[in-house]
Amino acid sequence: MNFAGQRQWTAAFSTEALCARILDRHRDTVRVQKPHVAVANLARIIEATLKLSNKQGFHATSLRDLAQASGLSMGGLYSYFDNKTTLLSMILGEVSTTVSEVLRAAPEGTADDPLGHLKWLIETHIRLTEAMQPWFVFAYMEAKSFPAAERRMAVDSEAATEEIFAAVLRQGVAIGKFAIADIELTASLIKPLLQDWYVKRAKYRKRSTSVEQYTDAVTGIVAATVLPRG
């Protein structure tokens, strides 16, 4: 999945586009039949959820708060989900599925060049989190208060992302392009560099750090770590 500019990323992963995917996955349980109405209301619900969670936390947000913020009635909310846990699963499921699909869709030929593949993964992950920043912040900040099943979903999603990076690192080591003592540890240390961009956006905004500058910096750090020395 390749996008020439941030505008295309933003369109591809807009709230409406993501909610259309959520509707497809939950078509059997969402009781609103008209797709355009269902997607529009899901977008209102999820935008309200992300804003309220950022302000007061998901655990402290009641369905009544959500109804007021989204402009829907309590009955309207129940047309889309039966409880907050189901809503949580909708959001986490979309984040997890999107990350997996996007990072596994490298352009043809990329896999033949481990360093190029690694650089593509870094840029793609950062661009994706830039386009979906409120979703990723929600998943990161709320993880500790998730119910057990949803917490496991978040943990498994992070492990799956690390494994995508680890697989590229293994290939690079196997063909002599990378020199890494501990592949899994290296993959796990790349993840916080990627997370910092969406978790601490205010810091980088204050410094006027662009997404391109951040991507170049992370790529440089990772390349210096994995490439043979001397």
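Which residues do ring pairs link into a cluster? Select Phe58, Phe138 and Phe146: ring pairs join these into a cluster. Rings of Phe, Tyr and Trp (its six-membered ring) pair if their centres lie within 6.5 Å; planes under 30 degrees apart are stacked, over 60 edge-to-face, the rest tilted.

This is a predicted model, where local features need pLDDT of at least 70 and side-chain atom pairs count only at pLDDT 80 or more, while totals for chains, interfaces and linings use all residues. Numbering starts from 1 along each chain as its sequence is written, and side-chain values use heavy atoms, leaving out hydrogens and water.

**Rings**

The structure holds seven aromatic pairs. Go to Phe136 and Tyr198, a tilted pair at 5.3 Å centre to centre with 55 degrees between the planes. Phe136 belongs to helix α8 and Tyr198 to helix α10, 62 residues apart. Helices are DSSP runs (H or I, at least four residues), numbered from the N terminus.

Next, Phe138 and Phe146: tilted, 6.3 Å centre to centre, 40 degrees between the planes. Phe138 and Phe146 are buried too.

The criterion: NZ of Lys or CZ of Arg within 6 Å of the ring centre and within 35 degrees of the ring normal. Arg201 lies over the face of Trp197, at 4.1 Å.

**Leu103**

Select Leu103 in helix α6. Its relative accessible area is 2%, so Leu103 is buried. Contacts (heavy atoms within 4.5 Å) of Leu103 include Trp120, Thr124, Ile164 and Phe165. The C-alpha atoms of Leu103 and Thr124 are 7.1 Å apart.

**Pockets**

A pocket is an open set of points on a 1 Å grid over the protein atoms alone, where a 1.4 Å probe fits, with protein on both sides within 12 Å along at least five of seven lines; lining residues have an atom within 4 Å of a point. Volume is the space filled by probe spheres set on the points, which are joined across faces, edges and corners.

Select Leu50, Lys51, Pro134, Trp135 and Val137: of the 21 residues lining the largest pocket, these lie nearest its centre. The largest pocket holds about 410 Å³. Helix α3 gives the most to its lining, six residues.

Finish at the second largest pocket, about 320 Å³. Among its 18 lining residues, Ala139, Tyr140, Ala154, Glu158 and Gln195 lie nearest the centre. Helix α9 supplies the largest share, seven residues.

Technical notes: Helices (H or I, at least four residues) and strands (E, at least two) are DSSP runs, numbered from the N terminus. Buried means under 20% relative accessible area, exposed over 50%, partly exposed in between (1.4 Å probe, protein chains only). Lists of a residue's contacts leave out its neighbours within four places in sequence.
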